[in-house]
Amino acid sequence: MSQSLTGIAASKGIAMAPAFILEQPDMDIQKKTVSDVEEEAARYKKAVATAKEDLLQLKIKHLKKWAKIRQKFFCPSACFGRP
């Protein structure tokens, strides 16, 4: 699929990159009556802990990726032609 966009350019040049379409998921939220409040609170706390761990792992993954990119482009030896 190809699409061309027009507008006022901030600077001269051309840019090519993959484009991503962000679609909002259908959030079907259902109301429920909870009989065991303690169990539900524990489920909530576990979900929060899992989400925090997932975000931490994602952060670590991307920090490693960007460290390699920074090293490649911003390494002083690269500026002076040394390996």
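**Salt bridge and exposure**

Tutor: The structure holds one salt bridge, meaning a side-chain nitrogen of Lys or Arg within 4 Å of a carboxyl oxygen of Asp or Glu. This is a predicted model, where local features need pLDDT of at least 70, side-chain atom pairs count only at pLDDT 80 or more, and totals for chains, interfaces and linings use all residues. Residues are numbered from 1 along each chain as its sequence is written, and side-chain values use heavy atoms, without hydrogens and water.

Student: Which residue pairs with Glu40, and how far apart are the closest N and O atoms?

Tutor: Arg43, at 3.2 Å.

Student: Where do Glu40 and Arg43 lie?

Tutor: Both sit in helix H1, residues 37-74. They are three residues apart, about one turn of the helix. Helices are DSSP runs of H or I, at least four residues, and strands are E runs of at least two, numbered from the N terminus.

Student: How many helices and strands in the protein chain?

Tutor: Two helices, zero strands.

Student: Is Arg43 buried or exposed?

Tutor: Exposed, at 51% relative accessible area. Glu40 is partly exposed at 32%. Buried is under 20%, exposed over 50%, partly exposed in between (1.4 Å probe, protein chains only).

Student: What share of the protein chain counts as buried?

Tutor: 0% of its 83 residues.
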